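This briefing covers a sheet, an aromatic cluster and a pocket. Please keep the sequence and the structure in view while reading.

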Amino acid sequence: MELEVLAARHGDCMLLHFGSEDDPRLALIDGGPAGVYHEALLPRLEELREERGTADGEPLVIDLLMVSHIDDDHVNGIVRFLKDMHERAEEGRPPKFRIRRLWHNSFDDIIGNKESETQLQLTKQFGTASAGEADIPRGDMPFRNWQVLASVSQGHAIRKLAEALKIPVNPEFGGSMIKSAGGAEVEIEDLKFTVLGPLESELSALEKEYDEWLKRTKRGRDSGEALLASFADESVANLSSLVFLVESRDERYLLTGDARGDKILDAIVQCGLADRAGKLEVDLLKVPHHGSDRNVTAEFFEAIPATRYVLSGDGGHGNPERPCIEWIVAARGKQHTVLHFTYPLDRIDRRREELFKGGDWSDETHGIEPLAKTFPDAVKIVAGGSDRTA
């Protein structure tokens, strides 16, 4: 099992390689924000076609396409990928890629499969484009609200494109919502996926909030922007992020999307995966939300010790954050540890400096690159471009 992490700006785009040399298998997890599909994802998939000797006219098979959650920095590239596939099909050209299954929770899944009502109310507020397209004019809408609306539309688009391409959606889950139900397990070839999120309690709370908004809106007492503002504040997409423990014969990877650390720890306990000390040891941890210190705490890294950590992000939105990295190193002590960054540390720092809001920036105080020079010899840094974490 091998996780290949592509440079995806401030988002996520990963390829999970498994199987054998004679029968290589592939999973695609998220597609990054705008631009990443053409910059990184498509070129890498084309390389894989060549590496595997895929004949002209034959598709490269992707065993699993997984969208962790509906947020632009994860889904934009997937929408572009599926649109490309659909355009080729409509033009009668042979497919370059074939997807065996899609794991994806759309917004309508999250709030109880009320797509027609959602579209009706949002279309009333923002026009027909909001019902199915991500490229929505911002206008006077607050930017975060616009992002939530765009993500809802992207989730709709993914479902419709999957249907047009005849890609089975959540087939191992009965075609329905993927949620943590005591640690549901799914096997694909020699991999075992254990669902750790989203938690059913969180989904129920979100559905209740949506139902109440829908009632108020029908009575003319609320607006679409009120719903979007509420969901933006509560980070509804992140709360519903898919979290999977992936196990091969001798390795464990924890893939977290943008989930909150406390919810992940709750799920580990609920699913019976914590040891007597309350810990879950893994070989690789994809750090939640690109290393944001708002999603995790020092206790999170103490409870989930790993040998390798993936911190995706180019400094956009301030991620990865310096405190998050300090917590990882402190939790590991003198144990061998590898930190994988998707961009060079100096580039991440310069981007973070542009966005710094805490006063005067100081490399020594706020930078990640100077911090890395203080790490114990047991900590190795791998940074820059796309990288395979073997």
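In what sense do β10 and strand β11 (residues 252-255) pair, and over how many bridges? The two strands pair in the antiparallel sense, over four bridges. The model is a predicted one.

**The sheet**

- Eight strands make up an open sheet with mixed pairing, in the order β8-β9-β10-β11-β12-β13-β14-β15.
- At the edges are β8 and β15 (379-383), each of which pairs on one side only.
- From one strand to the next, the twist averages 20 degrees.
- Strands of a sheet pair through backbone hydrogen bonds, and the pairing can be parallel or antiparallel.
- The parallel sense is found between strand β12 (residues 282-286) and strand β13 (residues 306-311), which are joined by four bridges.
- Valine 282 has alanine 306 of β13 opposite it.

- Strand β10 spans residues 243-247, and five of its five residues are buried.
- Cover is present on both faces of β10: Val243, Leu245 and Glu247 are buried on one side, and Phe244 and Val246 are buried on the other.
- With β9, strand β10 pairs in the antiparallel sense over five bridges.
- Phenylalanine 244 in β10 stands opposite valine 195.
- With β11, strand β10 forms a hairpin that has four residues between the two strands.
- Valine 246 has tyrosine 253 in β11 as its bridge partner.

**Aromatic pairs**

- Nine aromatic pairs are found in a search of the whole structure.
- Tryptophan 103 counts as buried because its relative accessibility is 0%.
- Phenylalanine 173 is also buried, with a relative accessible area of 14%, which is under the 20% limit for that class.
- Tryptophan 103 forms another edge-to-face pair with phenylalanine 193, at 5.2 Å centre to centre and with 85 degrees between the planes.
- Phenylalanine 193 lies in strand β9 (residues 191-197) and tryptophan 103 in β7, so the pair ties together parts that are 90 residues apart in sequence.
- Phenylalanine 193 has a relative accessible area of 2% and is therefore buried.
- One aromatic cluster is formed by Trp103, Phe173, Phe193 and Phe244; Phe244 is one of the buried residues of β10.

**The second largest pocket**

- The second largest pocket holds about 280 Å³ of space.
- Its lining has 13 residues, and those closest to the centre are His17, Phe18, Ser20, Pro24 and Arg52.
- Two or more lining residues come from each of β2 (14-19), β3 (24-29) and α1 (36-51).
- Strand β2 gives the largest share of this lining, three residues.
- By class, the lining of the second largest pocket has six charged, four nonpolar and three polar residues.

**Glutamate 299**

- Glutamate 299 is placed in helix α10 (residues 298-303).
- This glutamate 299 counts as partly exposed because its relative accessibility is 49%.
- From glutamate 299 to tryptophan 327 the C-alpha to C-alpha distance is 8.4 Å, and the two are 28 residues apart in sequence.

Conventions: Residues numbered from 1 in each chain as written. Predicted model: local features only at pLDDT ≥ 70, side-chain atom pairs only at ≥ 80, totals over all residues. Heavy atoms only, no water. 1 Å grid on protein atoms, 1.4 Å probe; cavity = no way out; pocket = protein on both sides within 12 Å on 5 of 7 lines; lining within 4 Å. Points joined across faces, edges and corners; volume = space filled by probe spheres on them. Nonpolar A, V, L, I, M, F, W, Y, C, P; charged D, E, K, R; others polar. Phe/Tyr/Trp six-rings, centres within 6.5 Å; stacked < 30°, edge-to-face > 60°. Buried < 20%, exposed > 50% of the residue type's maximum accessible area, 1.4 Å probe, protein only. Pairing = 2+ DSSP bridges. Axes fitted to C-alpha atoms, helices over the stretch in contact; angles between N-to-C directions.
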